Structures are given as structure tokens and as C-alpha cells.
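Please look over the structure shown below. The briefing that follows goes through it topic by topic.

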Amino acid sequence: MQNIPARKTGIFIWFGYRLPLSERVRLIREAGFETVLHWWDDSFVEEEGYTREEQTELIRREGLIIENAHLRFDHINDLWYDTLDGQAVLEGYLRDIDGLAAQEIPVAVLHPTRGFTAPPLSLAGMSRIHRLVEHAEKRGVKIALENVRSNTSLITILDTIKSPMLGLCYDCGHDFVWSKTPYELPRRYQDRLFAVHLHDNMGSNDDHLAPGEGMVNWATVRDIINASSYEGSYTLESDSAVIPAGRTPMEHLLLHYKGVKAMLFP
């Protein structure tokens with residue numbers, strides 16, 4: 001019988017409410033979560049009141065573990081074009097890897113493309129991905145490519161670059177709503193699963209519902225994860241759900257916490 005690790009539970013640091021960071025991390029811990037998915041970008045530094053490094057310190061001071069951090073993806077498509085903008089995107093990601101290494105955050109989550117129409121695969125783009133992976137190898141940070149609307153680039157990258165520091169971030173909500181063959185991708189890369197984003201939907205929109213509120217087959221998701229090499233948390237990504245008026249942040253967190261416990265813990 002396979003030795004299944006005892007899973008922790010985690011949630012995205014942005015879980016749907018605009019609250020001071022100190023209050024968010026306190027509520028996350030009080031709801032029962034043990035780990036968080038961090039957001040590695042200073043675009044919200046004015047709103048947050050902390051740099052990403054200061055956020056990291058505050059999160060850990062609350063007793064929460066940062067298993068991985070999501071890199072920004074608003075300009076990721078530029079990476080695939082042989083332009084100065086594309087080079088600037090690469091250089092930004094190289095600095096991000098340095099920052100994660102300095103903070104001892106072991107995994108960077110990255111979207112390979114953005115939008116329904118992905119940019120064409122290119123030599124420039126693949127060369128940049130190679131350079132990013134090589135840099136990550138030197139700094140000891142794993143890169144987890146997340147499945148999005150189009151997975152052509154993701155599959156090509158993972159099948160071409162066989163680095164032990166490059167793997168998959170499996171987003172089951174994206175998979176269920178956008179893939180024609182849900183649950184196939186994490187089986188294909190079960191030995192390279194570095195992170196998970198877990199949330200539910202009804203099969204038509206990327207709703208980011210709590211586990212059990214939609215139509216995702218959670219028994220299948222659980223079995224796939226437990227059959228893989230992944231030893232991290234069951235991490236929920238609740239960042240864009242339509243939250244009913246009157247639901248408090250703690251009620252929202254507990255809904256997700258109870259959902260993951262009911263759906264994924266036998």
C-alpha cells in the first residue's frame with residue numbers, strides 16, 4: 001500500500017476579501033489552515049502597506065508556512081516574442097527567482113501563457129524558458145507551470161525541458177472548465193507535480209468555489225494527487241468567487257476549510 005503523506009491544508013493569501021494583511025493571515029490561521037499560497041509581486045504594495053518580503057515575514061510570524069509563491073502573469077505572452085519587452089519579462093522573472101531563493105520559498109508558480117489565444121511557440125520563448133529554468137536550478141527554486149486555458153505551451157515545455165526543477169502546478173478548476181480531457185494532465189506529469197490550486201466550479205465558468213459546491217470530481221482529484229510524487233498541502237485558490245452579501249471573512253474561510261476536509265480527507 002502506498003505511503004500517503006499527511007496533508008496540510010492551505011489557501012491563497014488573497015481569499016476574496018480586501019482586508020489588511022495582518023487580519024487576513026490571522027483569520028487564515030484561526031480558520032485552521034496551515035499553509036498559504038503567496039503572491040510574489042509589489043504591484044499591491046501601496047494597498048498592502050508591505051513589500052513582498054515584509055509580507056513574507058508577517059505571514060511566517062503568524063505561524064503559517066509558505067509552500068509556494070505565484071509570479072505575476074499580466075505580461076507573460078511577451079516572453080514568447082523576440083522583442084525588448086519579452087527580454088524585460090524574462091529579466092523580471094530572473095529577479096523573482098532570486099527573491100524567492102533569498103526568502104527560502106521553494107516553488108515559483110508561473111502561467112506559461114495568458115488568454116484564450118496563446119502566442120505561438122517560438123525559439124525566443126523557449127530559449128528564455130531554458131534560461132529561467134537554468135537560473136532556478138542554480139538558485140534551488142522549483143518552477144511549477146500552471147495549466148491555463150491553452151496547455152499547448154505547457155506540454156511542449158515540460159516534454160522538452162526535463163529538469164528536476166521544472167514541473168506542474170495543477171489547477172483542478174481550470175482543468176475542469178477549460179480542458180476537453182479533465183484529470184489527464186496531472187496523471188501525465190504525476191512525477192513532476194510541484195503545486196496544486198484547488199477550487200470548484202459548475203463546468204462553465206472559472207468560479208473558484210469551495211470544494212463540494214460545484215461539479216469537480218473530488219475523489220478523482222484526491223486519488224490523482226495521492227498517487228503522484230507531490231507531498232505538499234491541499235491548497236485552495238479562493239480569490240475570485242462571487243461572495244454572497246453578508247458572508248463574513250471567517251464564514252468564507254470556514255466554508256472552504258470544511259469543504260476541503262469533506263472532499264479530500266477520507
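Helix H9 is mostly covered in this predicted model, with 7 of its 10 residues buried. The points below begin with that helix and go on to the sheet, a pair of helices, some single residues and the cysteines.

**Helix H9**

- The buried residues of H9 are Trp218, Thr220, Val221, Arg222, Ile224, Ile225 and Asn226.
- Thr220 belongs to H9, which spans residues 218-227.
- Thr220 counts as buried because its relative accessible area is 18%, and the cut-off for buried is under 20%.
- Beyond its neighbours within four places in sequence, Thr220 is in contact with Tyr183 and Arg187.

- The model has an open sheet of 8 strands, in the order S7-S6-S5-S4-S3-S2-S1-S8, and the pairing is parallel.
- Strand S7 (193-197) and strand S8 (234-236) are at the edges; each has a single partner strand, so one side of each has no neighbour in the sheet.
- On average, neighbouring strands of this sheet are turned by 30° against each other, with direction ignored.
- In general, strands of a sheet pair through backbone hydrogen bonds, and the pairing is either parallel or antiparallel.
- Strand S1 (residues 9-12) and strand S2 (residues 35-40) run parallel and are joined by 3 bridges.
- Ile11 has Val36 as its bridge partner in S2.
- Strand S5 (residues 142-146) also runs parallel to S6, and 4 bridges join the two.
- Glu146 has Cys169 as its bridge partner in S6.
- Strand S6 (residues 166-171) is largely enclosed by the rest of the structure, because 6 of its 6 residues are buried.

- Helix H3 (residues 52-61) lies across S2 and strand S3 (65-71), and it runs at about 170° to S2.
- In general, two packed helices are described by the angle between their axes and the distance between the axes.
- For helix H1 (residues 21-31) and H3, the axes come within 9 Å and cross at roughly 35°.
- This crossing of H1 and H3 is right-handed.
- H1 contributes Leu21, Ser22 and Val25 to the contact, and H3 contributes Gln55, Leu58 and Ile59.
- Sorted by class, the contact of H1 with H3 has 4 nonpolar residues, 2 polar residues and no charged ones.

**Single residues**

- Arg61 and Ser22 are 39 residues apart along the chain, and their C-alpha atoms are separated by 10.0 Å.
- Lys138 is in helix H5 (residues 123-139) and counts as exposed at 72% relative accessibility.
- From C-alpha to C-alpha, Lys138 and Ile97 are 9.9 Å apart in space, and they are 41 residues apart in sequence.
- Asp41 sits in the loop between S2 and helix H2 (45-48) and counts as buried at 9% relative accessibility.
- Which residues does Asp41 touch, not counting those up to four places away in sequence? They are Arg52 and Arg72.
- The C-alpha atoms of Asp41 and Leu71 are 6.7 Å apart in space, while the two residues are 30 residues apart in sequence.

**Cysteines**

- In general, a disulfide is a covalent bond between the sulfur atoms of two cysteines.
- How many disulfides does the structure hold? There are 0.

Definitions and conventions
Residues numbered from 1 in each chain as written. Predicted model: local features only at pLDDT ≥ 70, side-chain atom pairs only at ≥ 80, totals over all residues. Heavy atoms only, no water. Disulfide = S-S within 2.5 Å. Pairing = 2+ DSSP bridges. Axes fitted to C-alpha atoms, helices over the stretch in contact; angles between N-to-C directions. Contact = heavy atoms within 4.5 Å. Left-handed = near helix turned anticlockwise from the far one by under 90°. Nonpolar A, V, L, I, M, F, W, Y, C, P; charged D, E, K, R; others polar. Buried < 20%, exposed > 50% of the residue type's maximum accessible area, 1.4 Å probe, protein only.
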